[in-house]
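Here are my notes on this model, written as a few numbered points. Please keep the structure open beside you as you read.

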Amino acid sequence: MNRYQDDTELDRQLRQEILAEPVHVSALEHRIRKAIAPRFRGRLLVAASAAFLLLLCTFAYIGLRTRFPLQPSQVCSDAARDHLREIVRRESRRWTSDTAGIDALGQQVGVSPAAHSRFVVPGYRLDRGKLCVLSGRLFLHLVYSNGTREFSLFLAHDSAPGGYFDADFSGQYTASIESNQTRAVIVTSESRAAARTLVHVAANAL
Amino acid sequence: MPHTRSLFRVARRIASDRATAEDLVQQTLLLAWRSFHQFRAGTNARAWLFRILFNEFRALARKPAAAMLPLMTELEPELYAQDTHGAIEMAQAFARLTLEHRTVLLLGVVEGFTCQEMAEILAIPIGTVMSRLSRARQALRGELMGAPKFKCSTEGAV
């Protein structure tokens with residue numbers, strides 16, 4: 001019987017012959033890597049440019065918004081949403097609890113540290129603070145607590161006199177006032193009267 | 001770079017010359033890199049690469065200029081693996097097979113793909129793969145035994 005008669009033997013011989021063939025692919029691999037590299041660098045460049053452009057647009061938007069007076073109704077609506085998310089629903093955010101850190105944040109939005117230190121509400125203490133954006137403008141968000149209840153005070157530099165404004169949004173009572181070139185917004189779950197009282201206390205402190 | 005050797009080994013035996021085989025493998029790996037998002041995790045990456053290789057090969061064969069290129073008909077000296085009579089005999093017999101017979105033997109016997117995987121790589125029914133593999137073995141055996149009834153032309157579809 002011929003040695004190639006059997007399929008298994010035929011396959012084995014063929015496999016052995018072809019697999020023993022010297023295969024030199026280092027030059028080819030080098031060529032492929034060279035062809036891939038510029039495309040990879042190109043994609044990286046496009047991604048970096050897009051990220052930079054997005055950042056630029058964000059800053060431009062915030063910069064543009066600061067040139068126009070704040071709309072108290074819009075600010076209150078944003079503040080209510082923020083309070084609901086971060087205080088009522090307790091979504092995780094990075095807060096600062098030490099006074100020095102909160103003062104430093106206040107300076108970033110053009111709010112004097114004295115402003116919130118003069119803001120005293122009996123039974124409540126300043127619990128924490130952070131920066132947030134309302135209506136395209138950077139605000140200092142302060143949270144005051146009496147152990148069981150909490151309310152939010154938002155502060156930002158605002159030279160345009162906007163007067164007093166209050167409204168209810170999603171069950172949150174908001175009140176906004178401009179005093180001494182600073183916009184103060186109160187958000188509380190208690191009542192509209194409480195929001196009104198608190199915002200006037202804040203206005204006196206500014 | 002994984003699988004380059006396997007791809008090149010197959011490309012070298014289906015393309016007309018070394019340069020075309022290198023272009024095929026390069027194009028395959030570039031395409032795979034570019035369309036990696038289409039690869040389904042958990043499936044056979046090697047089979048996916050070979051499917052791209054054969055798609056590229058078919059596309060190349062459809063080009064008018066490529067139609068004039070002869071497919072590998074003569075065994076080039078570099079493809080002699082071992083300088084033994086049996087090895088040369090086998091290599092020469094394999095080189096004389098049709099393209100479609102070479103293809104199924106390379107994929108099934110040398111690269112170890114299953115009939116199902118070969119059917120997906122070559123985009124043909126599994127029954128066709130099985131009968132083609134059987135005929136390819138017969139043809140190779142015929143070439144080795146010097147039987148002229150299995151002498152085939154070098155043309156054919158993959």
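1. Chain A has 6 helices and 6 strands, taken as DSSP runs (H or I of at least four residues for helices, E of at least two for strands) and numbered from the N terminus. Starting at the N terminus, the order is α-α-α-α-α-β-β-β-β-β-β-α.

2. A word on the model: it is predicted, so local features need pLDDT of at least 70 and side-chain atom pairs count only at pLDDT 80 or more, while totals for chains, interfaces and linings use all residues. Residues are numbered from 1 along each chain as its sequence is written, and chains are lettered from A and ligands numbered from 1 in the order written.

3. Now look at helix 4 of chain A, residues 99–108, where I102(A), L105(A) and G106(A) are buried. Buried here means 20 or more other C-beta atoms within 10 Å of a residue's own, exposed means 12 or fewer, partly exposed lies in between, and C-beta atoms are placed from the backbone. Why do they sit on the same side of helix 4 of chain A? Because they cover an arc of only 105° around the axis, judged by the directions from the helix axis to the C-beta atoms.

4. The face turned away from that buried side carries the exposed residues A100(A), Q107(A) and Q108(A). The cover over the buried residues includes helix 5 (113–118), strand 1 (125–134) and strand 2 (137–145) of chain A.

5. After helix 4 of chain A comes G110(A), with a positive phi near 75°.

Technical notes:
Two residues are in contact if their C-beta atoms, placed from the backbone, lie within 7 Å.
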